[in-house]
Structures are given as C-alpha cells and as structure tokens.
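I set out below what I looked up in this structure, entry by entry.

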There are 2 protein chains.
Amino acid sequence: MNSLNALQTPAAVVDVQRMQSNIDRMQNQVNRLGARLRPHVKTSKSWPVAQAQIVAGAQGVTVSTLKEAEQFFEAGVIDILYAIAMAPTKLDRAFALCQRGCCLKLVTDSVAGARAIAEYGRAKGHTFEVWIEIDTDGHRSGVAPESDLLLEIARELNRVGARLGGVMTHAGSSYDFDTCEALLQIARQERDLAVRAAHRLRQAGYACAQVSIGSTPTALSYDHLHGVTEVRAGVYVFFDLVMHNVGVCSTGDIALSVLASVIGHQPEKGWLIVDAGWMAMSRDRGTQKQKQDFGYGQVCDLQGNVLPSVLMTGANQEHGIISVSIDEGEAIEQRYPIGTRLRILPNHACATAAQYPAYTAIMADGSVEQWERFYGW
Amino acid sequence: MNSLNALQTPAAVVDVQRMQSNIDRMQNQVNRLGARLRPHVKTSKSWPVAQAQIVAGAQGVTVSTLKEAEQFFEAGVIDILYAIAMAPTKLDRAFALCQRGCCLKLVTDSVAGARAIAEYGRAKGHTFEVWIEIDTDGHRSGVAPESDLLLEIARELNRVGARLGGVMTHAGSSYDFDTCEALLQIARQERDLAVRAAHRLRQAGYACAQVSIGSTPTALSYDHLHGVTEVRAGVYVFFDLVMHNVGVCSTGDIALSVLASVIGHQPEKGWLIVDAGWMAMSRDRGTQKQKQDFGYGQVCDLQGNVLPSVLMTGANQEHGIISVSIDEGEAIEQRYPIGTRLRILPNHACATAAQYPAYTAIMADGSVEQWERFYGW
C-alpha cells in the first residue's frame with residue numbers, strides 16, 4: 001500500500017479486488033435464481049464501477065436522479081430505470097433523454113403522476129414507459145398491491161402518451177433486520193407482493209411485462225424468484241458497516257474506506273485527531289440503532305486490517321476524533337505519530353462516497369487509478 | 001417567488017436579503033467590540049458569499065481545507081488562516097500557495113507538527129507563519145493554556161523555517177448550550193483562556209501578535225474582546241435550525257433552504273413524499289438532542305413561511321418523508337398536490353450546502369442568480 005502514502009488526505013479509497021468480489025457474488029446470486037440484475041448506480045455514481053457491474057452481467061442500470069441517467073447514458077448505457085416517482089417538472093429532461101435514444105423507464109405511484117406523464121407524452125407525440133411503484137413493506141412510497149388505486153393508475157397509463165411497463169418495489173425496511181430468518185421473510189414479502197400486484201394488473205387486462213424488486217439485503221436472501229424479471233441492488237458493490245450489521249457482509253468485504261492522516265493527539269482522553277471529519281465520512285450514523293454502533297466508522301491500518309475497538313467516535317467538519325485504548329505506559333503519540341495514515345470503514349457507503357469528486361482505486365496489482373464520480377441533480 | 005417555479009428540484013436556495021442581514025449583524029457585533037472579523041468560509045465555499053462578507057468589512061478568511069485556501073486565493077483573498085492542525089504531507093500545497101503570494105497561516109497543537117513545518121520551511125528557505133491551537137473547552141483539539149506543551153511548541157516554532165504568529169481557539173462546545181447565561185459563560189471562557197495562553201507565551205519571551213477566537217454562538221455572546229485581535233465564525237452567514245435551538249437566530253433568519261417537489265402521498269400515514277432526501281438535506285440530525293427536534297428539517301411554503309409542525313421526519317437517498325397533519329375530511333392530495341413546491345430549512349447549513357454544486361440565490365429584487373460552490377479537498 002505504498003501508493004497510499006503519496007495521496008492527499010482525506011481520500012475515498014476503493015479496494016477493487018473486494019469490489020469485484022462483491023459484484024460477482026451478487027451477479028451469481030441473481031443468475032442462479034434466473035432473473036436479471038439491474039444494479040442501482042446511485043451508490044458509486046462512477047462509470048468504472050458501473051462498467052465492472054455490466055461486464056459481470058448486469059442488464060441496464062437503476063438511477064435515483066436524472067443527472068445519473070444523463071451521465072450513464074452518455075457513458076453508453078441505454079436501458080435505465082429512474083426509480084423515483086416522477087415530478088412533472090422533470091418531464092422535459094426525461095423526454096430529452098428519450099429523444100436521444102435512451103430507453104428510460106419512469107415510475108409513478110399516483111393517478112395524478114400517471115396523468116401528468118401521459119399528457120406530456122401525448123403533447124409531444126411520445127409514449128413513455130412507466131412502471132408502477134408497489135408498497136411491499138410500508139416504509140416509504142408505492143401503492144398497496146391489493147388496492148383499487150393500482151388499477152386506477154394502470155387505467156391512467158393505458159392511453160396515448162404512456163404505456164405500463166411493469167411494477168417495481170424496494171423493501172427498504174430490510175435494513176432494519178439482522179437475522180437470516182427475518183431477511184428471508186422480508187425478501188419473500190417483497191417478492192410475493194410485487195408478483196401479486198403484477199398478477200392483479202394482468203387479470204384486469206393490463207400488460208405488465210416487468211416485475212422488478214430488490215434491495216441489497218433482500219437480493220442476497222431470496223429462496224426463489226418465480227414471477228420476477230429483475231432484481232435491483234446498490235450498496236452491495238462496496239458494502240458498509242450497516243450491511244455488516246444486517247449480516248450480509250463481513251468487514252473484510254467492505255471495498256470503500258476513507259484514508260486519513262493523524263494531525264493531533266489528546267493523550268488524556270485516548271484520542272487521535274485525524275483530518276477526516278463528517279465532510280469526509282458523511283453525517284450518516286446508520287449503525288447507531290443497530291446491534292453494533294461503529295460511531296462514524298471502524299478504523300483500520302493502512303493495509304486495511306481492522307484495528308479492534310478503534311472507532312471514530314466524534315466528527316466535526318474536517319476533524320475526526322478516533323478513540324483508542326493504549327497499554328499502560330505506552331505513549332499514544334509514539335504509537336500513532338503525527339502523519340500516521342489510517343483507513344476508516346464507513347457506516348453507509350452511498351453517503352460517504354457522495355462527499356468525493358473521485359475515488360482512488362487500488363487495483364489488484366497495487367497500482368492506483370483515479371475514478372471520477374459526479375454529484376448534484 | 002415565481003422564479004422558484006422553474007427550477008429543477010432539489011435546489012439549494014439562498015435568500016440574499018436574509019444572508020446580508022446575517023452578515024451585517026455579525027460584522028456590527030465584532031466591530032462594536034473592537035476586533036476584526038475573519039469569517040469561516042467552509043460554510044458557503046462560494047465566492048459571492050465570501051465577497052459579501054468582505055465587502056461588509058471582514059478581514060481575511062478562515063478555511064478548513066487547502067482546496068478552500070486555493071479557491072479563495074484564486075478569487076483574490078490574500079490573508080487566509082487554515083484552521084486545522086497541519087498534516088506534514090500537505091506542506092507542499094501550503095508552500096505552493098505561499099510562493100504565489102498568499103499570506104497563509106498554518107496551525108499546530110503538537111511539537112511534532114511544529115517541527116515538521118519548521119523543517120520543511122528551512123529546507124525550502126521559507127518561513128511559515130504558524131498559530132498554536134489552544135484548547136479552551138475540551139471538545140476537540142488544542143493544547144491547554146496552562147500547559148508546558150504550549151511553551152514547548154513555541155520553542156519549536158522559534159527557529160529557521162517557522163515563526164509563531166499567534167494563538168487560536170474554537171469553543172465548539174458552545175453548540176451544546178441554549179441560554180444567554182450559558183453562552184456568555186462559554187464565550188468568556190473561550191476568550192479568557194486564549195488571552196491567557198497568549199500572555200504566557202509573551203511572558204516566556206515569544207511574540208504572539210494574534211489572538212483569534214470564535215464560533216457563531218460565542219461570537220454573538222461576548223461582552224468584551226480585550227486582548228483579542230480577531231473573531232472567527234462561519235455558519236452565521238446562513239444560520240440553521242441548530243443555531244435556532246442554541247438561541248442565536250430565529251427561523252426567519254435562516255437564509256438557506258432546500259426547494260423540493262411533492263412526488264407522492266401516503267394519506268393514511270399523513271405523509272408527503274418529496275424529491276429531497278438525505279442527499280439533498282445531508283444526514284445531519286443536529287437537532288436530535290436539542291430542545292426541539294426538527295427531524296431532517298422544518299418545512300416552509302414556497303414563499304419561505306414556516307408551516308407549523310410540518311417536518312421532514314424521514315429521509316432516504318432521494319426521498320424525503322414529510323409528516324403533515326390534515327383537518328378531518330380534507331384530502332392530503334388536494335392540499336399538497338403532486339408537483340407542489342416546498343422549502344425546507346436545514347438542521348446544519350454547512351452540511352446541507354455541501355451537497356450542492358451551486359446555490360440558487362434569490363436577490364432582493366426577486367431575480368435569481370446561480371452561485372457556484374466547490375467541494376472536495
């Protein structure tokens with residue numbers, strides 16, 4: 001890891017071997033169950049990462065912003081699902097992408113949303129493909145699979161300007177569980193309710209070609225995928241401490257870490273001060289309510305080995321406070337002198353990665369590449 | 001606010017009248033007490049904001065990264081304090097700025113840090129100006145004002161390659177208080193201990209020209225500034241809900257808000273779904289432990305009027321959950337239809353602003369400007 005000694009800190013470091021292993025694991029899981037994988041690229045917002053997913057077998061991508069759709073379309077991805085209910089004022093940008101040849105799928109969970117899309121499409125002489133968002137766990141948005149509303153939205157889409165392409169759901173509450181049994185249960189619930197919604201639509205006479213489901217914890221927990229056409233998952237590409245606590249990865253799988261330098265000591269408190277604060281880690285405290293609270297992150301040495309019970313326990317904008325336990329008589333300044341480099345595993349890879357204009361990718365041969373990422377909307 | 005209807009959402013909106021009023025208030029406060037104001041530009045990272053502070057009377061700026069130093073030097077600011085203890089590997093960049101004519105002040109709180117700076121300076125034939133960070137409230141870094149270490153660091157700086165320029169401190173624990181009495185007490189403590197450290201250095205024969213103190217809550221609470229040369233403060237330029245809870249501003253002073261669009265409803269739960277999640281607000285939950293928990297933010301109408309008890313209570317990456325109370329019989333979809341635009345006041349302006357490549361500035365005449373901001377290190 002000599003290449004990490006020359007970097008400016010803080011830096012977002014990607015261990016490419018770990019990333020590739022995570023990509024292969026998810027792709028193999030979904031292949032084995034007979035569905036397609038449409039990774040959610042909101043985690044990385046970086047072409048080399050998405051490219052590795054596509055090379056491994058991913059078909060299309062999922063995005064959380066039209067900026068992502070525009071950037072990945074520019075990079076060469078045609079099949080893009082914008083997985084957030086469409087705001088009417090964003091239709092101009094979506095239409096522009098479609099006109100350029102992007103197979104962009106929109107999402108809605110309301111009659112008003114469906115109507116706005118169809119009316120816009122009709123006015124432009126364009127037919128938008130729209131998927132209906134299904135609520136399979138009550139955690140956020142979507143329509144109930146047994147609701148009348150589901151069929152009303154389908155009716156609204158069944159006119160000039162729009163076309164019902166399928167249903168999609170995301171059981172985000174899967175992040176709240178941490179046993180195989182509970183994950184299997186929420187995975188089955190996500191799958192079965194989405195399949196049920198598609199069945200109801202078809203029974204009512206609407207074509208519903210696609211059934212798209214997923215989250216990283218459920219995607220790794222399905223026992224079968226009958227009736228499902230594709231799985232979506234995002235954070236698995238890097239994994240993080242939240243996913244470690246959910247139980248779907250080990251700390252040794254986490255491919256993203258923040259490289260930081262020791263800039264001070266408070267020996268009486270057992271504190272190292274590093275130049276990575278919440279700007280470098282994000283304010284995400286996702287492990288706070290989980291079975292193991294990692295503070296702002298788990299600290300590792302420069303080689304990426306976990307330093308047991310060494311955590312970032314506090315963060316200001318550009319200062320991180322790392323709490324260490326030191327053997328009696330040992331001086332904290334000697335063990336971790338000014339300039340010592342550490343790597344910190346994040347609670348939530350999506351949030352931490354979002355703070356950086358680029359990743360420093362450590363390739364399998366130890367060489368280093370800069371991988372640009374974008375931000376904004 | 002017709003100009004806000006055409007914007008893509010989410011957007012970071014700056015109310016320039018409020019911002020100017022905040023700038024004038026702080027400048028007048030520090031002027032009245034006879035010190036200089038050196039604003040911390042980490043909050044905005046945007047030249048039009050810093051320019052307004054300088055036009056109002058600020059002298060020099062404080063930065064939290066060398067990227068900020070480079071960007072603001074490019075914009076024309078000469079006198080820059082980099083207020084984070086220096087990491088040895090950053091000396092190349094600091095030296096490059098000095099060679100270009102920047103009056104860059106570095107900070108340290110260790111003998112090893114001081115030695116690294118002096119040795120680098122000696123090797124390059126350059127004399128770095130270095131300020132010693134004083135710990136006046138135990139919240140983070142700095143040396144105790146009564147410590148031997150203070151004088152040891154000064155000795156280390158008193159050689160070829162470096163020069164002791166002053167002392168600086170930041171009583172960040174002031175954010176934990178919410179009464180005038182407690183704020184006055186922490187403000188006096190911050191000031192008196194910094195002045196005391198400077199006194200000890202001078203008694204020991206070291207020149208200590210500058211005594212730099214501050215945080216937004218303490219800067220607005222000092223009763224006098226005898227012995228202090230300058231005050232630093234950052235978040236006051238926008239203010240936020242954390243500062244509202246501390247008691248140094250009202251919600252009507254908060255100059256930064258996030259413009260969002262309603263994209264869905266969950267009527268049974270009283271939820272609006274908006275297209276601003278934690279990516280748009282940041283994960284900062286700074287009001288969680290304060291006297292009033294605002295969730296992820298206080299919701300306002302498009303004109304910026306607070307909607308009482310309407311809060312963003314949940315956030316995923318690009319989804320915000322807004323909890324509203326609706327009168328019996330009223331339909332949430334009719335009151336806040338799809339496409340409705342809302343403005344959300346942030347918990348922590350520094351963290352929220354950091355998520356955006358630009359601000360949408362609403363000028364006094366209602367016109368709109370885009371103000372670029374930068375990120376990274």
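**Entry 1: charged pairs of chain A**

I looked up A:Asp79 and found a salt bridge with A:Lys105, the closest N and O atoms being 2.7 Å apart; a salt bridge here is a side-chain nitrogen of Lys or Arg within 4 Å of a carboxyl oxygen of Asp or Glu. The pair links distant parts of the chain, with A:Asp79 in strand β4 and A:Lys105 in strand β5 (residues 103-108), 26 residues apart. Helices (H or I, at least four residues) and strands (E, at least two) are DSSP runs, numbered from the N terminus.

I noted that this is a predicted model, in which local features need pLDDT of at least 70 and side-chain atom pairs count only at pLDDT 80 or more, while totals for chains, interfaces and linings use all residues. Residues are numbered from 1 along each chain as its sequence is written, chains are lettered from A and ligands numbered from 1 in the order in which they are written, and side-chain values use heavy atoms, with hydrogens and water left out.

A:Asp79 also forms a salt bridge with A:Arg38, with 2.9 Å between the closest N and O atoms. Since A:Asp79 lies in strand β4 (residues 79-85) and A:Arg38 in the loop between β2 and α2, this pair ties together parts that are 41 residues apart in sequence.

I then checked burial, where buried means under 20% relative accessible area, exposed over 50%, and partly exposed in between (1.4 Å probe, protein chains only). A:Asp79 is partly exposed at 24%, whereas A:Arg38 is buried at 2% and A:Lys105 is buried at 9%.

**Entry 2: a pair between chains**

I found B:Arg283 and A:Asp284 joined by a salt bridge of 2.7 Å, N to O. The pair crosses between chains, and each partner sits in the loop between α10 (278-281) and β12 (297-300) of its chain. B:Arg283 is buried with a relative accessible area of 19%, and A:Asp284 is buried with 4%.

**Entry 3: chain A as a whole**

I recorded twelve helices and 17 strands for chain A. Its radius of gyration is 22 Å, close to the 21 Å of the globule rule for 377 residues, so chain A is as compact as a globular protein of that length. The radius is taken over C-alpha atoms, and the rule is 2.2 Å times the number of residues to the power 0.38. Of the 377 residues, 64% count as buried.

**Entry 4: A:His40**

I located A:His40 in the loop between β2 (36-37) and α2 (47-55). A:His40 counts as buried, at 13% relative accessibility. A polar atom of its side chain lies 3.3 Å from the backbone oxygen of A:Thr62. The C-alpha atoms of A:His40 and A:Met86, 46 residues apart along the chain, are separated by 17 Å.

**Entry 5: B:Glu190**

B:Glu190 belongs to helix α7 (residues 180-203) of chain B. The side chains of B:Glu190 and B:Tyr222 are joined by a polar contact of 2.4 Å; a polar contact is a pair of N or O atoms within 3.5 Å, where within protein one must be able to donate a hydrogen and the other to accept it, and residues adjacent in sequence count only if both atoms are side-chain atoms.
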